[in-house]
Amino acid sequence: MEIDLAPKAPKGSYAGDGGSYSSWTPDDLPMLRVASIGAAKLTLNCRGFAAPSYSDSSKVAYVLQGTGVCGLTVPEAEKEKVLPIKEGDALAIPFGVVAWWFNPNESDLTILFLGDTSKGHRPGQFTDFHLTGPTGIFTGFTPEFVSRAWDLSGNDVAKLVHNRSNGGIVKLKDSQKMPVPSDKDRDGLVLNCHEAPLDVDIKGGGCVVVLNSKNLPTVEQVGLGADLVRLHGGAMCSPGFSCDSAYQVTYVVKGSGRVQVVGVDGKRVLETKVSGGQLFIVPRFFVVSKIADPEGMEWFSIITTPNPVFSHLAGRTSVWKAISPEVLEASFDTTSELEKLFRSKRTSDEIFFPPK
């Protein structure tokens with residue numbers, strides 16, 4: 001498989017007083033098109049507002065920093081959900097859901113979006129449909145159609161449709177009131193990865209929180225799973241692969257480390273250093289392993305199935321521990337003594353291996 005797997009940072013798409021929107025494109029990261037995955041990042045400054053829009057792709061949103069407010073309106077709903085969001089929150093947003101984002105605070109609010117573009121207009125890129133502004137849906141209809149749809153006069157329609165001259169991200173005036181968020185609206189829609197119970201926690205190695213249909217039911221609707229992984233300084237993440245034909249899309253939240261990926265015919269297809277702000281994608285069934293630098297490394301990943309299953313090739317739960325000694329000995333063409341030594345190692349370590 002000859003394709004560029006090198007990690008990349010996003011490129012700016014548009015910016016304004018209220019914040020900025022940047023994305024990864026298939027031209028820079030070809031695996032996006034291969035895997036039909038979209039990736040983007042929204043940053044809202046103080047009083048920044050990303051006006052209501054919907055997407056052609058299901059997404060998982062992850063709050064990288066800051067606190068703010070999110071509004072979600074599902075089809076046929078009588079009232080929107082207005083929920084407070086904070087760093088570590090993950091939300092699964094099906095395509096067609098209308099969403100808006102607001103930052104009422106001094107510090108920036110930054111949100112990562114990773115999603116499935118297989119049903120979208122452009123494989124590997126999100127297409128968002130804005131409801132207002134110069135690129136809003138209703139700027140494309142004639143005044144007659146809008147007037148009939150909204151039962152308003154032509155003058156009132158013109159004021160609503162053309163009042164907002166700037167794009168989808170704006171800075172609201174201090175006098176502009178916004179809905180008060182409700183913690184109750186978070187139920188079933190948000191999982192905070194910093195507060196959720198750990199699925200794996202290895203002293204000196206690392207820890208994992210896995211998002212699946214059990215702890216965040218909406219991931220079933222978007223068809224994606226996700227996890228937040230923290231790898232301690234100098235620790236190693238066991239070589240492993242997704243055994244259910246899923247792609248792994250990884251965004252490095254903070255820290256840095258080394259990554260190796262091995263593919264068909266035992267060929268090492270990626271050997272590089274990754275750092276905060278970069279994204280890379282591991283092809284289906286390829287084996288990946290990571291070693292954190294001294295400061296450690298944290299990453300957020302989506303997997304293109306809602307309940308992913310991984311096989312590891314080292315550690316207590318590796319396939320080697322399940323394979324019979326005779327088969328292992330024959331496969332490596334080695335002695336029984338070396339087979340026993342091999343099997344005796346990593347009997348208590350699971351996924352993460354602390355530095356020696």
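I begin with the second largest cavity, whose lining comprises 7 nonpolar, no polar and 1 charged residues. In this classification, Ala, Val, Leu, Ile, Met, Phe, Trp, Tyr, Cys and Pro are nonpolar, Asp, Glu, Lys and Arg are charged, and the others, Gly among them, are polar. The lining residues are Cys193, Leu198, Cys207, Val208, Val209, Leu228, Val229 and Arg230. Two or more of the lining residues come from each of β15 (206-211) and β16 (225-231), strands being DSSP runs of E of at least two residues, numbered from the N terminus. The space inside is about 30 Å³.

A word on method. The model is predicted, with local features needing pLDDT of at least 70 and side-chain atom pairs pLDDT 80 or more, while totals for chains, interfaces and linings use all residues. Residues are numbered from 1 along each chain as its sequence is written, and side-chain values use heavy atoms, without hydrogens and water. A cavity is a set of points on a 1 Å grid over the protein atoms alone where a 1.4 Å probe fits but cannot get out, and lining residues have an atom within 4 Å of a point. Points are joined across faces, edges and corners, and volume is the space filled by probe spheres set on them.

How many cavities of 30 Å³ or more does the search find? There are 2 in the whole structure. Of its 23 lining residues, Ser53, Lys59, Trp101, Phe113 and Asp128 lie nearest the centre. β4 gives the largest share, 5 residues.

Definitions and conventions
1 Å grid on protein atoms, 1.4 Å probe; cavity = no way out; pocket = protein on both sides within 12 Å on 5 of 7 lines; lining within 4 Å. Helix = DSSP H or I, 4+ residues; strand = E, 2+ residues; numbered from the N terminus.
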